[in-house]
Amino acid sequence: MISLHYLTLRYGKRLVLDQFSLQLPEQGITALSGPSGCGKTTLLRVMAGLERPESGHISGVQPAQTAFLFQEDRLLPWRTVGQHITDILPRPRRGELPFWLNFAELSGEENSHPSALSGGMARRLALARCAALGGTLLLLDEPFAGVDSQRTARILNRLRQLNVPIILTSHQTAVLNACDTVIELDGPPLHRV
């Protein structure tokens, strides 16, 4: 299990995590669902080692082996779709580009720049780049924003086939219905419903 033990974190005077504890499955796709601003993104950032809690600890997560998808796509406008993926791969794995293009349903777009992509296409590219990193845990913050439900279902199936634990946040019913575990949250401070 991935275990979060008594995490406390605040931004200024705003208490986001207050002695928060949670057990997460070590396999499959787990969705964290809850209203905007309740603390889901903060929780993912703490799990990824991007935020340091005032107190508490996490077991079962190796931040150095974790791939993190931010809510923003963070694409570089001067790089092509193909370069966004191949530039993060070690040289022996660069031949995987067709696999990752197909994974994100972006085949034929390898020479396009981000400005030529729709919002959903850009999101799928950011997701493929994250998954291609090959982490032992994927933390995905709103991975399917702007992606239609049928395509979302197909990509979720491909994510499942990577055989690594995936924890994502989402408000989308289609995403939540396709996950193995859904954990309802509210806050702040963040708590399980």
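Guide: A strand is a DSSP run marked E of at least two residues, and strands are numbered from the N terminus. In this predicted model, strand E4 gives the most to the lining of the largest pocket, with three residues.

Visitor: What makes a residue part of the lining of the largest pocket?

Guide: A lining residue has an atom within 4 Å of a point of the pocket. Val-46, Met-47, Gly-49, Glu-51, Arg-52, Pro-53, Gly-56, His-57, Ile-58, Val-61 and Pro-63 line the largest pocket, so each of them meets that cut-off. H1 and E4 each supply at least two residues of this lining. The space in the largest pocket comes to about 170 Å³.

Visitor: Why are E2 and E4 said to stand at the edges of their sheet?

Guide: The sheet is open and has three strands in the order E2-E1-E4, paired antiparallel. Strand E2 (14-24) and strand E4 (55-59) each have a single partner strand, so one side of each lacks a neighbour in the sheet. From one strand to the next, the twist averages 20°.

Visitor: How do you know that E1 and E2 are paired?

Guide: Pairing calls for at least two bridges between the strands. Seven bridges join E1 (residues 2-11) to E2, so these two strands are paired by that definition. Ser-3 stands opposite Gln-23 in E2.

Visitor: Which helix lies across E1, E2 and E4?

Guide: Helix H1 (residues 40-47) does so, and it runs at about 115° to E1.

Visitor: Which residues does Pro-25 touch, leaving aside residues up to four places away in sequence?

Guide: Pro-25, in the loop between E2 and strand E3 (29-33), touches Met-1, Ile-2, Thr-30 and Thr-181. Contact requires heavy atoms within 4.5 Å, so each of these residues meets that limit with Pro-25. Between Pro-25 and Ser-3 there are 8.9 Å from C-alpha to C-alpha, although the two are 22 residues apart in sequence.

Visitor: Which residues is Leu-168 in contact with, beyond its neighbours within four places in sequence?

Guide: Among them are Ile-29, Leu-32, Leu-140, Leu-156, Val-175 and Cys-179.

Notes:
Residues numbered from 1 in each chain as written. Predicted model: local features only at pLDDT ≥ 70, side-chain atom pairs only at ≥ 80, totals over all residues. Heavy atoms only, no water. Helix = DSSP H or I, 4+ residues; strand = E, 2+ residues; numbered from the N terminus. Axes fitted to C-alpha atoms, helices over the stretch in contact; angles between N-to-C directions. 1 Å grid on protein atoms, 1.4 Å probe; cavity = no way out; pocket = protein on both sides within 12 Å on 5 of 7 lines; lining within 4 Å. Points joined across faces, edges and corners; volume = space filled by probe spheres on them.
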